[in-house]
Amino acid sequence: MTRLINVHEAKTHLSRILEDVRRGDDIVLAKNGVAYARLVAVERAATRPMGFLTGHLPDSFFEPLPDDELDAWDGIGATGE
């Protein structure tokens, strides 16, 4: 069922209109009787399980980088510039 609702009524009864939309009603918002927008219910996204990647990182991954590699990331050349 499609209902045309003017903005004034929508502002006055927004909570009720949102419940109608959630239940599947088709609501068209209008201004002075001219349709402007259609309200639709939001579909919930499916939840994804955590841990979808396989493998693990070795403990050495979490150790600090050597100074020469840190210098390279900072843009410092081999001469210390």
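1. The structure holds six salt bridges, a salt bridge being a side-chain nitrogen of Lys or Arg within 4 Å of a carboxyl oxygen of Asp or Glu. The model is predicted, so local features need pLDDT of at least 70 and side-chain atom pairs pLDDT 80 or more, while totals for chains, interfaces and linings use all residues. Residues are numbered from 1 along each chain as its sequence is written, and side-chain values use heavy atoms, with hydrogens and water left out.

2. One of the salt bridges joins the side chains of Asp20 and Arg3, at 3.1 Å from N to O. Asp20 belongs to helix 2 and Arg3 to strand 1 (residues 2-6), so the pair ties together parts that are 17 residues apart in sequence. Helices (H or I, at least four residues) and strands (E, at least two) are DSSP runs, numbered from the N terminus.

3. Asp20 is buried, with a relative accessible area of 8%. Here buried means under 20% relative accessible area, exposed over 50%, and partly exposed in between (1.4 Å probe, protein chains only). Leaving aside residues up to four places away in sequence, Asp20 touches Arg3 and Asp25; contact means heavy atoms within 4.5 Å.

4. Arg23 also forms a salt bridge with Asp20, with the closest N and O atoms 2.3 Å apart. Arg23 is exposed at 57% relative accessibility. Through shared partners, salt bridges join Arg3, Asp20, Arg23 and Asp25 into one network.

5. Within helix 2 (residues 14-22), Glu19 and Arg22 are three residues apart and thus separated by about one helical turn. Their salt bridge has its closest N and O atoms 2.8 Å apart. Glu19 is partly exposed, at 35% relative accessible area, whereas Arg22 counts as exposed at 58%.

6. Most residues other than glycine have a negative phi. Asn32 sits in the loop between strand 2 (26-31) and strand 3 (34-39) and is exposed, with a relative accessible area of 74%.

7. Asp67, Asp68, Glu69, Asp71 and Asp74 form a negative surface patch. Patch residues have over 30% relative accessible area and no salt bridge, with like charges joined within 9 Å and nonpolar side chains (Val, Leu, Ile, Met, Phe, Trp, Tyr) within 5 Å. Asp67 is found in helix 3 (residues 67-73) and is exposed, at 61% relative accessible area.

How values were computed
Accessible areas come from the Shrake-Rupley method with a 1.4 Å probe; for residues, only the protein chains shown count as cover. Lys and Arg count as positive and Asp and Glu as negative; His and the chain ends are not counted. The place of a charge is taken as NZ of Lys, CZ of Arg, CG of Asp or CD of Glu.
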